[in-house]
Amino acid sequence: MKSRLTRQLICLRAARELKDGEYVNVGIGVPAQISCFIPPEIEVVLEVENGALNHGPIIDDWDKYDVDLINAGGQPISMKPGISFFDVADSFAMIRGGHLDTTIMGAYQVSERGDLANWKTPEQSIGAIGGGMDLVFGAKRVIVLMEHTDRSGRPKVVKECSYPLTARGVVDLIITDMAVIGAIPEGLELREVAPGITPEEIQAVTEPKLIISKQLKEIEF
Amino acid sequence: MINKVIGSVREALADIPDGAVVAIGGFGWGGWPYNLVLELAKRKVRNLVGVGNSPRQFLPLLNVDGHCMLRKIISSYPIMKHGSRSDPLAEYIQKGELEVEGTTMGTLVERLRAGGAGIPAFYTPVGAGTEVEAGKEKRIFDSRECIMEYAIKLDYALIKAHKGDRLGNLVYRHTSRNYNPVMAMAAKITIAQVDNIVDVSELDPESIVTPGVFVHRVVAKEVETPVEWIEQDKQKIQEAERR
């Protein structure tokens with residue numbers, strides 16, 4: 001089989017990055033699905049910007065929609081024993097105060113040095129900052145999930161971000177539909193490839209020269 | 001005797017003047033004081049400065065007989081996303097009728113908190129080295145570059161809570177707490193739409209989230225948020241998920 005990973009598989013792979021006991025924010029949109037893929041053998045506490053800690057998976061059944069129980073993207077979430085609710089001041093004290101271990105979000109571009117661009121396109125006069133900038137400045141580890149190329153086939157892993165920056169040098173790990181890439185001081189390290197895809201094929205749609213990990217392997221789920 | 005309970009939504013909003021700085025609570029439709037916003041849209045006030053998580057909080061005020069009731073919006077998510085290409089704000093911005101100030105969510109809430117706590121400004125590293133720093137004072141703390149952000153003080157906060165008593169004590173429901181307690185702190189006049197008005201002493205003192213000192217008027221909701229608003233929202237999210 002040789003095809004790019006679906007969004008669900010990207011989320012499944014991302015969920016495997018999480019460790020027992022971690023406090024994690026998963027971003028709105030695709031990353032929110034990670035809440036459904038947390039391995040049952042570990043306990044991960046999920047936070048949402050709009051003010052809940054330790055929520056369960058997002059709910060696919062919109063008939064059970066409760067406007068008072070949603071994530072930052074407006075999707076219904078489930079309760080878990082030990083869930084707590086708080087206002088956005090406490091929420092962003094957690095986020096900006098360095099209390100979260102990991103944040104996982106989407107991106108337009110990530111640069112060779114781990115710069116992140118994900119809030120505004122060059123065409124937009126006003127962008128949507130939301131809580132993303134707060135999250136990447138505050139969290140200990142930043143994981144980006146994205147397609148490897150944009151809709152026109154251009155690389156999203158770039159030498160220098162051409163989109164307005166969210167923050168400089170903050171990205172630790174990039175999980176795309178083709179590869180898992182770590183940001184290290186020397187540059188970007190290709191660690192895992194999607195089944196059937198070669199490092200050469202990945203390099204061909206990646207702007208900066210990738211460092212090939214000695215432990216390079218196929219992505220496992 | 002203190003009694004902050006007002007008989008109707010109309011009376012509760014009667015004195016909001018032109019040019020007032022008005023925050024509206026809520027994150028999406030959760031914790032959004034639907035009755036208050038709709039009533040405000042009926043008032044013929046103009047040139048309001050709106051503070052809220054996203055422009056959706058101001059939706060009924062954006063087009064009232066072809067006019068935008070706001071002259072400025074301070075918001076963390078100042079575009080109407082979820083795939084809609086026709087941003088209702090764009091038209092007013094282009095015509096120069098509406099100014100939009102974008103701020104990160106954490107900075108927005110901290111600016112409100114500072115406004116409520118008597119802190120005129122503060123420094124944060126969030127936004128340093130990005131477009132967000134433009135025109136802002138900078139200083140280095142712990143070898144980290146920080147930018148200065150000013151407090152936001154509100155004339156009015158329109159908020160939503162689950163239960164409230166005549167002293168203005170409030171409790172919320174689940175994630176609908178969101179911006180409401182912070183906006184209550186930052187306003188000269190806080191008007192709370194509540195699902196239920198309860199007797200004093202019914203709320204557990206250990207569980208009261210917003211103590212009455214921050215709340216000036218409490219009014220019971222008169223109508224439910226229309227199902228079609230929430231329905232519309234569901235559809236947009238589902239569409240976005242499919243893309």
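Reader: In which sense do strand β6 and β7 of chain A pair, and over how many bridges?
Author: Strand β6(A), residues 109-111, pairs with β7(A) in the antiparallel sense, over two bridges. Strands here are DSSP E runs of at least two residues, helices are H or I runs of at least four, and both are numbered from the N terminus; two strands pair if DSSP finds at least two bridges between them. Gln109(A) stands opposite Ala117(A) in β7(A).

Reader: Before we go on, what sort of model is this?
Author: A predicted one: local features need pLDDT of at least 70 and side-chain atom pairs count only at pLDDT 80 or more, while totals for chains, interfaces and linings use all residues. Residues are numbered from 1 along each chain as its sequence is written, with chains lettered from A and ligands numbered from 1 in the order in which they are written.

Reader: Back to that sheet. What's the strand order?
Author: β7-β6-β9 in chain A, an open sheet of three strands with mixed pairing. β7 (116-117) and β9 (157-158) of chain A each have a single partner strand, so one side of each is left without a neighbour in the sheet.

Reader: And how many helices and strands does chain A have?
Author: Four helices and 13 strands. Its radius of gyration, over C-alpha atoms, is 17 Å, close to the 17 Å from the globule rule (2.2 Å times the number of residues to the power 0.38) for 221 residues, so chain A is as compact as a globular protein of that length.

Reader: Switching to chain B. Is strand β2 mostly buried or exposed?
Author: Four of the five residues of β2(B), 48-52, are buried, so the strand is largely enclosed by the rest of the structure. Buried means 20 or more other C-beta atoms, placed from the backbone, within 10 Å of the residue's own.

Reader: Which strands does β2(B) pair with?
Author: Three bridges join β2(B) to β1(B), residues 21-24, in parallel, and five parallel bridges link β2(B) to β3(B), residues 70-75. Ala23(B) has Val51(B) as its bridge partner, and Gly50(B) has Ile73(B).

Terms used
Buried ≥ 20, exposed ≤ 12 C-beta atoms within 10 Å, placed from the backbone.
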